[in-house]
Each structure stands twice: as structure tokens, then as C-alpha cells.
2 protein chains.
Amino acid sequence: MPSKCINVEDWLNALDASGFRMTAVQETLIDIFAHSDFPLSAEQAWHVARQSRPKTGRATVYRMVEKLENLGLIRRVHGYQGCSHFVPTLPELMMLFICQSCGRADYLDSQPLQDLIHQSEDSSGHHITDSRLQLFGVCTSCQENA
Amino acid sequence: MPSKCINVEDWLNALDASGFRMTAVQETLIDIFAHSDFPLSAEQAWHVARQSRPKTGRATVYRMVEKLENLGLIRRVHGYQGCSHFVPTLPELMMLFICQSCGRADYLDSQPLQDLIHQSEDSSGHHITDSRLQLFGVCTSCQENA
DNA sequence: GATTTATTGATACTCAGTATCAATAAGCAT
DNA sequence: ATGCTTATTGATACTGAGTATCAATAAATC
Ligand SMILES: [Mn+2]
Ligand SMILES: [Mn+2]
Ligand SMILES: [Zn+2]
Ligand SMILES: [Zn+2]
């Protein structure tokens, strides 16, 4: 679902621009994360990676996930059963919806959240530098197929 | 900071009403979570508990944390370095602010969030049943002491 | 192509969280 | 109060996600 919005080239360029060497594992893992319909854990990504590159190391995947997260290309999903799954980051879209029925992630317009944050900043006095809004429920298609 | 709003009696009553037996560990742990100035992990709570009850078992603390979370008395903080810390749940106050400087948690008025959720529900078509908004930044007192 | 060095992958390790189970003690009945 | 039943505890062993290590590999630059 997010896949159509992600440009694999951009991710490779971002890694390149950050001074990292271009390797085969990078392309494999970027492809996996960019095209998954579901949030993926490093462990899951490892298993997927080994289907096309059987000797892929576990630590390598964890290292790559860390890189991608640090570069802001993927972001952690804070769900009920832990926070070890990742989805691609869509620029300007901070609000994440997770369907409790099918597990898929959807990105919602985050302008209302921006407004809320400024509002809360003014009323609380705290300086807010970052936010994570996680929404849970039943997605439109799961409502239809119910 | 949240401590002044938490009534230990209420928590004990909630556990009692749920059919759990009243034990000494319960009181100890409830006291620890209800009066901590900072989000606490089960591990941290265990260490604190052992100061007053040295033979407190580790598993016991994890089981109690699970109970308290299931009853909605404490809630998980989804922070940068994992989501294994807990704060007391304040009724009707869902928005959580964590100061990156001093680590303290603050609760913000959640009415704006309620509005945002209904708005997003209408525009996305998803049925939203739950939400977690986590705000990060620098609290008012840390801004003064800077 | 040779050199340099970041990256990889196999292995061993850590440690938060969990399963097990005998010992304990809360709740209830007498 | 006393004993009975059974939930809860705590010691121990275990699990498994995540990490440290390090020799082997392969980008990058010349
Ligand atoms: Mn989390
Ligand atoms: Mn602002
Ligand atoms: Zn769905
Ligand atoms: Zn602070």
C-alpha cells in the first residue's frame, strides 16, 4: 500500500550521499522494505532476504535496519505487540494507521496533527520537537469484507 | 509529577474487583508505579521493589506489570529507546509528553486529539478504535534551567 | 590490477522477558 | 481460630531478539 509512493532510487541515493558503500544487500533490503504491504521486523526482513540471497547474515540485516532508521527512511511502528516493526517513511506524513484486522499500515494526512501540536505547545509551555501518532482500528476494506 | 493524581486505593480496588488476591507485592509495586516521577521499566521496578522486599521475584514483577497494563492502570511509553517503560494511566488524559532532557512524563489535555481522531476517521474511512500520541521535546522547567 | 578500508556473515554472546514448578499465603468454609 | 483449596509467589532454567567480534569479502579510489 505504501509501496507505490516509495522510490527505491531515492533510498539508494540517500545511502550513497551519506557516504555508505553501495552493496547488494542494501538493494535487496531496500526493495523488501519499500515493497512490503505490511510493517516488517528485522527478523522478518532477514527471512525474506534469504529467499533471494540465502547467505545473508542476520547482523547485516539489523545493521541495515538501523541505518535506514537513522536516515529516516523507515520508521518504527509502535503497536500492541511491541515496536520492532518498520514501515517506509513518507515525507510530511507522520500519522500512521494500523488495521487490527489485516495488519496493513496506512498513512493519513498529518496537517491536523501539526495544528494540534502547535496548540499543545502553546497551552503546555513545553517545546515539542517530535511526535508519534499511532492509530488503531479497522480499515475500510476490512469493514467491507466483514 | 503524575503521582499527586493517582489514588493507590483505586488501583487496589480495581485489582480486587478483577478477582485477584490481595498481596504484599501488589501494594509494593502499585506504590512504586504510582509515585515514580519517571516512566519505569519492569526491571527498574524490580530493583526498587527489592529495596523494601529483598526476596521479590523478577517474574512476579513482570506478571504484575502485565496485570496493571491489562487493567489499564499503567500504560506503555513508546519512546526512542524502546517501549518497555510505563506510566500511570490518568483517566481522560491520553496525550503523553516526554521531556528529552529530564525524562519526566507530562499529561496533556486530550480533547484536541479526540477531535483530530474523528476528523481523520471521517476523511479516511477507517474505523479508529484506539490511539497513542507520544510527544517529545523540552519541558518548561528544563527550558528555564537551560 | 593493486591498495585501502567499509561492509559482510559466521559465531558466540547478552540479557530482557518467559515457562516451570515446588513453596507460600490469600480467601473461604467450617 | 483452624484447616482446605488454589491463586500467587520466587528460584531456576530457558528462550530468542538483538549485539559484539573478527576474519573474509568486496566497494571505492587510484
Ligand atoms: Mn513502542
Ligand atoms: Mn512550534
Ligand atoms: Zn484491514
Ligand atoms: Zn525536562
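Colleague: How do the residues of the lining of the largest pocket divide into nonpolar, polar and charged?
Modeller: This is a predicted model, where local features need pLDDT of at least 70, side-chain atom pairs count only at pLDDT 80 or more, and totals for chains, interfaces and linings use all residues; side-chain values use heavy atoms, with hydrogens and water left out. Ala, Val, Leu, Ile, Met, Phe, Trp, Tyr, Cys and Pro count as nonpolar, Asp, Glu, Lys and Arg as charged, and the others, Gly among them, as polar. The lining splits into 6 nonpolar, 6 polar and 6 charged.

Colleague: How much space lies in the largest pocket?
Modeller: On a 1 Å grid over the protein atoms alone, a cavity is a set of points where a 1.4 Å probe fits but cannot get out, while a pocket is an open set with protein on both sides within 12 Å along at least five of seven lines. Lining residues have an atom within 4 Å of a point. Grid points are joined across faces, edges and corners, and the volume is the space filled by probe spheres set on them. For the largest pocket that comes to about 360 Å³.

Colleague: Which residues lining the largest pocket are closest to its centre?
Modeller: Residues are numbered from 1 along each chain as its sequence is written, and chains are lettered from A and ligands numbered from 1 in the order in which they are written. The lining holds 18 residues. Closest to the centre are B:Ile74, B:Arg75, B:Thr89, B:Asp130 and B:Arg132.

Colleague: Which element supplies the largest share of the lining of the largest pocket?
Modeller: Helices (H or I, at least four residues) and strands (E, at least two) are DSSP runs, numbered from the N terminus. In chain B, helix H4 (58–70), strand S2 (74–79) and strand S6 (127–138) each give at least two residues. The largest share is 4 residues, and the source is S2(B).

Colleague: Which atoms are the protein donors of the manganese ion?
Modeller: Donors are N, O and S atoms within 2.8 Å of the metal (3.2 Å for Na, K and Ca); water is not among the atoms, so sites may look incomplete. Here they lie 2.2 to 2.8 Å from ligand 1. Both chains contribute: A:His78 (ND1), A:Cys83 (SG), B:His78 (ND1) and B:Cys83 (SG).

Colleague: Are A:His78 and A:Cys83 buried or exposed?
Modeller: Buried means under 20% relative accessible area, exposed over 50%, and partly exposed in between (1.4 Å probe, protein chains only). Both A:His78 and A:Cys83 are buried.

Colleague: Which residues of chain B does A:Ile128 contact?
Modeller: A:Ile128 lies in strand S6 (residues 127–138) of chain A and is buried, at 9% relative accessibility. Contact means heavy atoms within 4.5 Å. Leaving aside neighbours within four places in sequence, the contacts of A:Ile128 in chain A are A:Ile117, A:Ser120 and A:Glu121. Across in chain B they are B:Phe97, B:Leu135, B:Phe136 and B:Gly137.

Colleague: What percentage of the interface residues of chain A are also interface residues in chain B?
Modeller: The copies meet through the same surface. The share is 100%.

Colleague: What pattern does chain A follow along the sequence?
Modeller: Chain A has 6 helices and 6 strands. Buried residues make up 46% of its 146 residues. Read along the sequence, the pattern is α-α-β-α-α-β-β-β-β-α-β-α.

Colleague: Which residues does B:Phe38 touch?
Modeller: B:Phe38 sits in the loop between helix H2 (24–35) and strand S1 (40–41) of chain B. At 38% relative accessibility, B:Phe38 is partly exposed. Not counting residues up to four places away in sequence, B:Phe38 touches B:Cys102, B:Gly103 and B:Arg104.

Colleague: How far apart are the C-alpha atoms of A:Lys67 and A:Leu15?
Modeller: A:Lys67 lies in helix H4 (residues 58–70) of chain A. The residues touched by A:Lys67 include A:Leu15. The two are 52 residues apart along the chain, yet their C-alpha atoms are separated by 8.4 Å.
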